[in-house]
Amino acid sequence: MARISLEHIRHAYSDKAKAAGDYALKEVHHEWEDGGAYALLGPSGCGKTTLLNIISGLLQPSDGRILFDGKDVTQLSTEERNIAQVFQFPVVYDTMTVFDNLAFPLRNRKVPEAEVEKRVNEILEMTDLAGMAKRRAQRLTADQKQKISLGRGLVRANVNAILFDEPLTVIDPHMKWVLRSQLKRLHRQSRFTMVYVTHDQTEALTFADKVVVMHDGQIVQIGTPAELFERPSHTFVGYFIGSPGMNLMPASIDGASARVGDQTISLSGAPAVKAGGRIELGIRPEFVRLGREGMPVTITKVEDIGRQKIVRATFCGQPLAIVLAEDDEIPTDAKVSFEKSAIGIFVDSWRAKTETARQEG
Amino acid sequence: MEKTWNNKAWFLVLPVLVLVAFSAVIPLMTVVNYSVQDTFGNNEFFWAGTDWFTQTLTSPRFWDALWRNLVFSAVILAIEVPLGILIALNMPKHGIGVPLCLVLMALPLLIPWNVVGTIWQVFGRVDIGLLGYVLNSLGVHYNYTQDPTAAWATVIVMDVWHWTSLVVLLCYAGLVSIPDAYYQAARIDGASRFSVFRYIQLPKMKRVLLIAVLLRFMDSFMIYTEPFVVTGGGPGSSTTFLSIDLVKMAVGQFDLGPAAAMSIIYFLIILLLSWVFYTVMTQSDAEQG
């Protein structure tokens, strides 16, 4: 268990990287607290796995240092860093039994056999594989194999951190839920530092205390699930988290009010807007009200997704999504209004600070 | 599942059957025909029954050739398989080295058998051959035309030179199909270099190794051209393998009957040994489950 600090880490897969665009991982400077459960969330190709492999030591970063509890481990091998990692696709040692697979990381480290037996049996119990301990791993199904991979990650008692690289991709939805809750419980019991890479927001939001959102090789926001939802600090977070994502529309700012098309929307405070920046107004579909009062809107489509209705509309020439409860009425000749506290102003994709009054968080 | 019977389906396999019949079955049957008859020329044949088979199976000449051939196959398998694995493990997996190594490895395979024989025949000559001349200058007595040990060494080294590449290429194909995640997981699990080989690489290479062993066994058991060109089966009959013996009998002495009987025995031995290899090597697959 350790506090992991990343100091100005950058990584490029080619040796001749010059421009910022050559880096798969742009500068990351962040501290992972001891015992935290983190999720690394982002679309495919945003650098999540690169960052994970740098932490585990499978990759050497092009620049920067990694510290475990203040000790520089940048040059240390994966084994010396004492880290467990679970990969996206199942890795099992075909010729070994399930038991031997799980015992492998312990036996390689010369753990006494009695201790091996105890740990492996705990893991077998946890992953529901106890019935097949003596079977060869080769003929198992994909999700059983992945459970073995997961088990090998969890079997060591004294690791500095456990890293998960989209571990539940091949597991069927029901089992996903069960395993995730077990991981969560295990985290509460053991207080291992856990980093969980995923592109699935539900997975990230349910697993982690802190979610790290990555986009295009950099970290755009670190926060609790609620913070990410209510105060996205980057338009990407607004778009990526939530379903449907945040409504974004080009705007101009005049003191404490914003203009979108020919409509003026009053804000809770005057945002700090630098001149020449591209300004956008963002509002989550959950905070758009549909009623008889407000600004004109044209409704184009209503999607009923069960417990909610998603209304697709056009507002000042911009697409606008609105989330309504299952039995909310859609009035004829509907008008929209935005909940003032939920409006965010973004300058060049980054959230602008409000000068006069803090927005509700 | 219920099988659908449709006798018209036979027409679909007919072309292949005809082709195989002409290329394999009919020639084989003529051999069977010769093996049970005797002739004194003039195209007159007499029924000989199992005489030729009895004669072959009781002749020390046949058993000697068979024994030499078995030793030869065992020796080259024992050298080529481990050597091939070792080379494949050390071949680069990325970059410019890959095509370079592959071409280098494929080169011996592209050379025709008789040319390989000629190369080594010249290479090993005491008077003008680089190998033979240098060895003798260094005081090593080496002359493959006089010394059976030297002849055997030459034939074995030649076969290793010619065919190890095949094992290398097959193993390499098996190795590159292993996803990186396996090696990464092994590093995370703290596996030693030997464990990586024993638990990741070897199991993944098993299927291609089976093919390599089968191919090398069958080829070496049928070897003819190279030793024939280099040693001609000599000195004496020390490198006379089954096929060389067979050709001597069939073409040299024109004993068609005994040669045909020997061919059939020879064929059955190859079939039997290949089956044994296959069964033994796939045994562990069937055991589990």
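This is a predicted model: local features need pLDDT of at least 70, side-chain atom pairs count only at pLDDT 80 or more; totals for chains, interfaces and linings use all residues.
The secondary structure of chain B consists of twelve helices and two strands. Read from the N terminus, the order of these elements is α-β-β-α-α-α-α-α-α-α-α-α-α-α. For a chain of 289 residues the globule rule gives 19 Å, whereas the radius of gyration of chain B is 24 Å, well over that value, so chain B is more spread out than a compact globule. Taken along the principal axes, the box filled by the C-alpha atoms of chain B is roughly 75 × 75 × 30 Å.

Two helix pairs within chain B were examined. Two packed helices are described by the angle between their axes and the distance between the axes. In the pair formed by helix 3 (residues 60-90) and helix 9 of chain B, the axes lie 9 Å apart and the packing angle is about 145°, and the crossing of these two helices is right-handed. On the side of helix 3 of chain B, the residues that take part are B:Asn69, B:Phe72, B:Ser73, B:Ile76, B:Leu77, B:Glu80, B:Val81 and B:Gly84, and they meet B:Ala212, B:Val213, B:Arg216, B:Phe217, B:Ser220 and B:Phe221 of helix 9 of chain B.

In the pair formed by helix 4 (residues 97-110) and helix 7 (residues 148-176) of chain B, the axes come within 8 Å and cross at roughly 130°. Because of this angle, helix 4 of chain B is oblique to helix 7 of chain B. The crossing of helix 4 and helix 7 of chain B is left-handed. Here B:Met105, B:Ala106, B:Pro108 and B:Leu109 of helix 4 of chain B meet a set of residues in helix 7 of chain B that includes B:Trp161, B:His162 and B:Leu169. The contact of helix 4 with helix 7 of chain B is made up of eight nonpolar and two polar residues, with no charged ones.

Chain B also touches chain A, with 15 residues of chain B in contact with 22 residues of chain A. On the chain B side, the elements that contribute two or more residues are helix 8 (180-188) and helix 9 (193-221) of chain B, and the largest share, six residues, comes from helix 8 of chain B. This side of the contact divides into eight nonpolar, five polar and two charged residues.

In chain A, attention falls on paired strands. Strands of a sheet pair through backbone hydrogen bonds, either parallel or antiparallel. Three strands of chain A, in the order 16-21-17, form an open sheet with antiparallel pairing. Strand 16 (288-291) and strand 17 (295-296) of chain A stand at the edges and have a single partner strand each, so one side of each is left without a neighbour in the sheet. Strand 16 of chain A is joined by four bridges to strand 21 (residues 335-338) of chain A, and A:Val288 stands opposite A:Phe338 in strand 21 of chain A.

Further antiparallel pairing involves strand 22 (residues 344-347) of chain A, which is linked to strand 15 (residues 279-283) of chain A over four bridges and to strand 23 (residues 350-351) of chain A over two bridges. A:Phe346 in strand 22 of chain A is the bridge partner of A:Glu280, and A:Phe346 also stands opposite A:Arg351 in strand 23 of chain A. The hairpin of strand 22 and strand 23 of chain A has two residues between the strands, and in this hairpin A:Asp348 takes a positive phi near 45°.

Notes
Residues are numbered from 1 along each chain as its sequence is written. Chains are lettered from A and ligands numbered from 1 in the order in which they are written. Axes are lines fitted to C-alpha atoms, for helices over the stretch in contact, and angles run from 0 to 180 degrees between N-to-C directions. Angles under 35 degrees count as roughly parallel, over 145 as roughly antiparallel, 65 to 115 as roughly perpendicular and the rest as oblique. A crossing is left-handed if the near helix is turned anticlockwise from the far one by less than a right angle, and right-handed if clockwise. Two residues are in contact if their C-beta atoms, placed from the backbone, lie within 7 Å. Ala, Val, Leu, Ile, Met, Phe, Trp, Tyr, Cys and Pro count as nonpolar, Asp, Glu, Lys and Arg as charged, and the others, Gly among them, as polar. Two strands pair if DSSP finds at least two bridges between them. The radius of gyration is taken over C-alpha atoms; the globule rule is 2.2 Å times the number of residues to the power 0.38.
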